[in-house]
Amino acid sequence: MAFTSPQRPVPIAMLPSLSDSVYQVAWAPDGATLATGSRNGRTAFWDTTSWNERLALSQPTGIMFCLAFSPDSQKIATASHDKLSRVWSAASGNPQFESPGPGRHVEFSPDGAQLTTTRTKKAYLWNLASGQLIFEMAGHTSTVDFAIFSPDGQQIATTSGKIGFLWSVATGEQVASLQDCRGSIHDVAYSPSGEWIAAACHDSVLRIWDTRNGVLKHELHHEDHAFSLSFSPDGSRIASSSFDKTVRIWDTITGDCVLILEHPDKMGSVAISPKGDIVIANELAYPNNSAWVWELSSGRLLAVLPHAHTTSDVIFSPDGRLAAIGCHDDFTYIWDMFQFDGSLNGYP
């Protein structure tokens with residue numbers, strides 16, 4: 001669907017990062033806290049009612065690659081360039097766990113008892129109560145970029161270059177490999193049911209595999225690098241962004257492309273809201289710095305969200321009412337989805 005003249009709203013808050021680009025943003029599952037991570041390693045915690053900074057981590061941690069809250073919102077894990085992955089108290093900022101790095105990814109298990117970390121060509125699973133290593137995931141031929149849990153916590157997917165592996169949490173054994181990519185994997189996610197896993201690849205293809213056996217289900221084609229992906233909450237749709245200046249919406253079951261959302265420049269991170277009604281994607285090519293917002297069901301362009309510099313991470317609040325977008329102008333922008341389209345259902 002071609003773009004038209006949209007609304008251009010203003011952010012409800014702009015959170016300063018103290019003179020460095022915002023690389024990562026993470027919303028606590030309870031919605032009460034937003035964390036921002038900057039290039040200089042500073043991680044700040046913001047009260048989402050007042051938008052005041054309530055805490056910053058006690059020491060710089062190098063370029064921030066990943067931020068992740070625990071399911072109970074009480075802890076936050078960081079992966080950074082200073083050769084350590086850490087877990088901190090989200091209330092006090094005190095460190096509670098660390099593992100050698102440098103790592104590109106950290107993630108809590110769905111029950112919060114375990115943590116994945118990465119280090120060069122390996123990924124690791126840790127018991128957070130004891131601090132002990134449960135097992136390592138080896139066999140990658142290049143740097144491990146992701147180590148993500150399935151929704152039920154029974155499986156871990158790791159990616160490295162053009163290949164991915166699926167691991168049993170119960171045994172530590174590799175149960176399948178994700179083959180067929182002819183370009184490096186830039187993003188990966190499980191479907192909400194855990195039945196499928198999808199990867200956005202630099203060979204312009206979005207691939208979906210069966211998580212039981214690694215069998216390829218779909219190859220969904222863009223015309224340039226596939227950059228990012230996001231499943232709808234019910235798993236029926238998947239959005240993918242690309243350097244071909246489109247966001248495409250696919251039927252997960254049939255593999256049909258149901259919408260093409262056109263754009264004047266390369267697209268970066270993409271996210272579907274927790275309510276499944278909105279999709280946001282940001283521009284990658286400076287000086288084009290906007291994030292574009294569409295209605296998922298129709299492809300109607302709702303708004304263009306202006307920023308003063310290149311944007312990075314894009315996330316929704318747990319209730320889908322707000323969106324946070326990190327920016328290289330040293331701010332995180334907070335946007336109210338209701339302000340530009342109150343006709344969307346389900347917002348308070």
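Is Cys201 buried or exposed? I looked it up before anything else. Cys201 is buried, with a relative accessible area of 0%. Buried means under 20% relative accessible area, exposed means over 50%, and partly exposed is in between, with a 1.4 Å probe and protein chains only.

**Ground rules**

I noted that this is a predicted model, where local features need pLDDT of at least 70, side-chain atom pairs count only at pLDDT 80 or more, and totals for chains, interfaces and linings use all residues. Residues are numbered from 1 along each chain as its sequence is written, and side-chain values use heavy atoms, with hydrogens and water left out.

**Cysteines**

I searched the whole structure for disulfides and found zero. A disulfide here is a pair of cysteine sulfur atoms within 2.5 Å. I checked Cys257 next. Cys257 is in no disulfide, and its nearest cysteine sulfur, in Cys201, is 17 Å away. Cys257 is partly exposed, at 33% relative accessible area.

**Strands**

I turned to the strands. Strands (E, at least two residues) and helices (H or I, at least four) are DSSP runs, numbered from the N terminus. Two strands pair if DSSP finds at least two bridges between them. Strands of a sheet pair through backbone hydrogen bonds, either parallel or antiparallel.

I traced an open sheet of four strands, in the order E10-E11-E12-E13, with antiparallel pairing. Which strands stand at its edges? They are E10 (106-108) and E13 (132-137); each has a single partner strand, so one side of each is left without a neighbour in the sheet. Inside this sheet, I followed E11 (residues 114-119) to E12 (residues 122-127) and found six bridges joining them. Arg119 has Lys122 in E12 as its bridge partner.

I then looked at E16 (residues 163-168) and E17 (residues 174-178). They run antiparallel, and four bridges join them. Gly164 stands opposite Leu178 in E17. The two strands form a hairpin with five residues between them. In the turn, Gly172 has a positive phi of about 80 degrees.

**Nonpolar cores**

A nonpolar core is a set of buried Ala, Val, Leu, Ile, Met, Phe, Trp, Tyr and Cys residues joined through side-chain atoms within 4.5 Å. I found 16 residues in the largest one. Ile278, Ile280, Leu305, Phe316 and Met337 touch the most other members. Among the elements that give two or more residues to this core are strands E27 (278-283) and E32 (331-336). A second, separate core has 15 residues, including Leu261 and Val279.

**Rings**

I counted eight aromatic pairs in the whole structure. Rings of Phe, Tyr and Trp (its six-membered ring) pair if their centres lie within 6.5 Å; planes under 30 degrees apart count as stacked, over 60 as edge-to-face and the rest as tilted. Trp292 and Trp294 are tilted, at 6.1 Å centre to centre and 35 degrees between the planes. Trp292 counts as buried at 7% relative accessibility, and Trp294 at 2%. Tyr333 and Trp335 are stacked, at 6.2 Å and 10 degrees. Tyr333 and Trp335 are buried too. I also found Phe97, Tyr124 and Trp126 linked into a cluster by ring pairs.
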